[in-house]
Amino acid sequence: MTTVASETATFDSLNPATGEVLSTHPIHDAAHVNAVVDRARIEASWWESLGFDGRKERLIRWQKYVVQHMDELVELMHLENGKPAGDAALEITLAIDHLHWAATHAGKVLKRRSVAPGLMMANNAATVGYRPFGVVGVIGPWNYPVYTPMGSIGYALAAGNAVVFKPSEHTPGIGEWLARSFLEAIGRPVLQVVTGFGETGGALCAAGVGKVAFTGSPATARRVMAACAETLTPVLIEAGGKDALIVDEDADLDAAADAAIWGAAANAGQTCAGVERVYVHERVYDDFLRELTDKAKDLAAEPGGQLGPITMPAQIDIIRRHIDDALARGARAVVGGPESVGERYVQPTVLVDVPDDAAAITEETFGPTVTVTKVRDMDEAVAKANATAYGLGSTVFGKARAVQVAERLRAGMTAINGVLTFAGVPSLPFGGIGESGFGRIHGPDGLKEFTYSHAITRQRFKPALAMTTFRRTTKDEERAGKLVSALYGRSSKKG
Ligand code: NAD
């Protein structure tokens with residue numbers, strides 16, 4: 001709900017389980033966003049001046065603060081996002097692990113290092129360093145309101161940037177909590193928050209920040225890119241997914257079914273890299289489906305249950321449409337069905353015999369639903385898994401061919417005989433291709449994402465062959481030609 005007070009318009013943050021108002025937040029306009037970015041520029045110079053060690057010490061102080069106040073944040077996440085407290089605690093734990101990794105590895109990954117100058121420039125010393133952009137704008141979603149934005153915030157801070165964070169309008173209180181905790185732990189607002197809807201995010205794109213890290217839907221990603229194009233602001237896009245889990249004939253079916261239902265239904269299915277499609281070898285299809293059905297029937301979405309409510313009310317209609325459309329086109333629901341979709345909660349639903357062009361196979365559902373499809377062999381499994389515009393995560397269960405199958409998947413990440421495990425490894429990059437976006441958070445790639453490389457050459461002695469001068473003679477050019485022929489032009493011996 002939006003209300004306009006005397007000066008600043010505000011909006012309410014609601015509890016998705018009950019609809020009650022939890023808190024009220026300002027809708028920040030472009031003038032406010034610009035002022036926050038101006039302040040962030042001042043903070044950025046102080047933060048950069050601390051160097052890797054100074055930042056590491058402070059980020060670890062913040063990390064400890066968050067751990068010590070974890071109960072408070074768990075409660076807030078449960079109320080504002082709806083997820084069960086246990087899931088909220090797991091999410092914070094993962095985010096902390098990543099923050100710690102970023103803080104302790106930034107120096108190693110980003111500090112200036114020597115590289116070989118090559119024979120043509122052998123008289124130079126060559127180095128490359130990775131410098132912060134200054135201010136990074138982070139625009140976040142609501143489904144993992146701590147872990148997801150922290151994948152950008154933590155790594156951008158560790159790389160030496162100040163951050164202005166625009167949390168989702170569904171989880172503004174969690175965003176404010178993060179910025180407040182940073183201020184309390186460190187004493188300076190190197191991380192600041194602006195709240196509001198799309199216009200506030202748009203203002204952040206237009207504010208002249210050094211880079212925008214966006215996590216959200218592909219449709220909004222296009223608007224963010226268009227806005228950033230005006231100022232040539234680089235963007236990192238972490239968008240949606242339609243991830244597949246493949247089960248080979250030699251897989252541990254109990255483990256595969258357990259992973260499939262957790263990957264599909266944890267966080268009420270609102271996971272960018274959650275399992276939405278399963279492809280199973282025909283030889284084990286019936287056994288797998290039985291295991292999956294048994295496990296899915298044990299789950300319930302309800303207050304205090306293992307599945308919380310759907311955070312964003314508009315998503316309920318999308319989930320209903322995907323189930324209805326699949327059933328209308330000949331699919332069967334072996335668990336749940338249209339009656340699974342309630343006003344706030346959606347019960348787990350397993351669909352089989354879904355046509356390849358149904359919305360439940362082609363579009364992100366973002367609910368606790370999963371399709372299961374029988375395949376002849378692993379070639380067909382790979383072809384079907386890859387037949388999507390998205391390319392975020394993926395999963396393979398099997399033994400003999402599991403690695404081979406994984407290497408053929410068109411996706412940014414693959415877990416073998418586990419699900420979403422890549423998201424918990426801080427030294428691995430996280431991100432996708434196609435409609436899932438581009439650029440990477442986490443790991444060394446994720447640190448470099450928030451920097452620009454700066455190359456330096458330093459002449460150590462005068463070159464035997466000076467090429468970058470008007471004193472260069474025709475003789476010099478002939479000698480250079482001979483050198484390049486000797487180095488790179490000799491015909492290779494046939495053997
Ligand atoms: P969304 O695209 O609706 O919104 C994301 C953010 O963008 C919000 O903060 C929103 O206010 C802001 N925004 C909206 N319009 C804008 C504009 N014109 N300019 C700038 N900012 C604008 O997405 P959502 O519903 O919050 O999140 C769900 C989506 O996020 C799903 O598609 C999910 O798969 C994806 N997601 C991806 C990852 C990943 O790492 N790849 C992680 C979590 C979620």
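Student: Which residues of helix 1 meet which residues of helix 2?

Tutor: In this predicted model, Trp46, Trp47, Glu48 and Ser49 of helix 1 meet Gly51, Arg55, Arg58 and Leu59 of helix 2. Contact means heavy atoms within 4.5 Å. Helices (H or I, at least four residues) are DSSP runs, numbered from the N terminus. The residues of this contact divide into 3 nonpolar, 2 polar and 3 charged. Here Ala, Val, Leu, Ile, Met, Phe, Trp, Tyr, Cys and Pro count as nonpolar, Asp, Glu, Lys and Arg as charged, and the others, Gly among them, as polar.

Student: What are the conventions behind the model?

Tutor: Residues are numbered from 1 along each chain as its sequence is written, and side-chain values use heavy atoms, with hydrogens and water left out. As the model is predicted, local features need pLDDT of at least 70 and side-chain atom pairs count only at pLDDT 80 or more, while totals for chains, interfaces and linings use all residues.

Student: How is the packing of two helices described?

Tutor: Two packed helices are described by the angle between their axes and the distance between the axes. Axes are lines fitted to C-alpha atoms, for helices over the stretch in contact, and angles run from 0 to 180 degrees between N-to-C directions. Helix 1 (residues 30–49) and helix 2 pack at about 105 degrees, with axes 7 Å apart. Helix 1 is therefore roughly perpendicular (65 to 115 degrees) to helix 2.

Student: At what angle do the axes of helix 2 and helix 4 cross?

Tutor: The axes of helix 2 (residues 51–68) and helix 4 (residues 85–110) cross at roughly 175 degrees and come within 10 Å. These two helices are therefore roughly antiparallel (over 145 degrees). The residues of their contact divide into 12 nonpolar, 4 polar and 1 charged. Among them are Phe52 and Trp62 in helix 2, and Ile92 and Leu110 in helix 4.

Student: How is the size of an interface given?

Tutor: It is often given as the accessible area lost when the parts come together. Here buried area is computed with a 1.4 Å probe and summed over both parts. Domain 1 (2–240 + 442–453) and domain 2 (243–389 + 393–424) come from the domain assignment, which is an automatic or database one. The two domains bury about 1600 Å² between them, 55% of it on carbon and sulfur atoms. In domain 1, Pro16, Trp142 and Tyr144 lose the most area to domain 2, together 32% of what that side buries. In all, 22 residues of domain 1 are in contact with 18 residues of domain 2.

Conventions: Angles under 35 degrees count as roughly parallel, over 145 as roughly antiparallel, 65 to 115 as roughly perpendicular and the rest as oblique.
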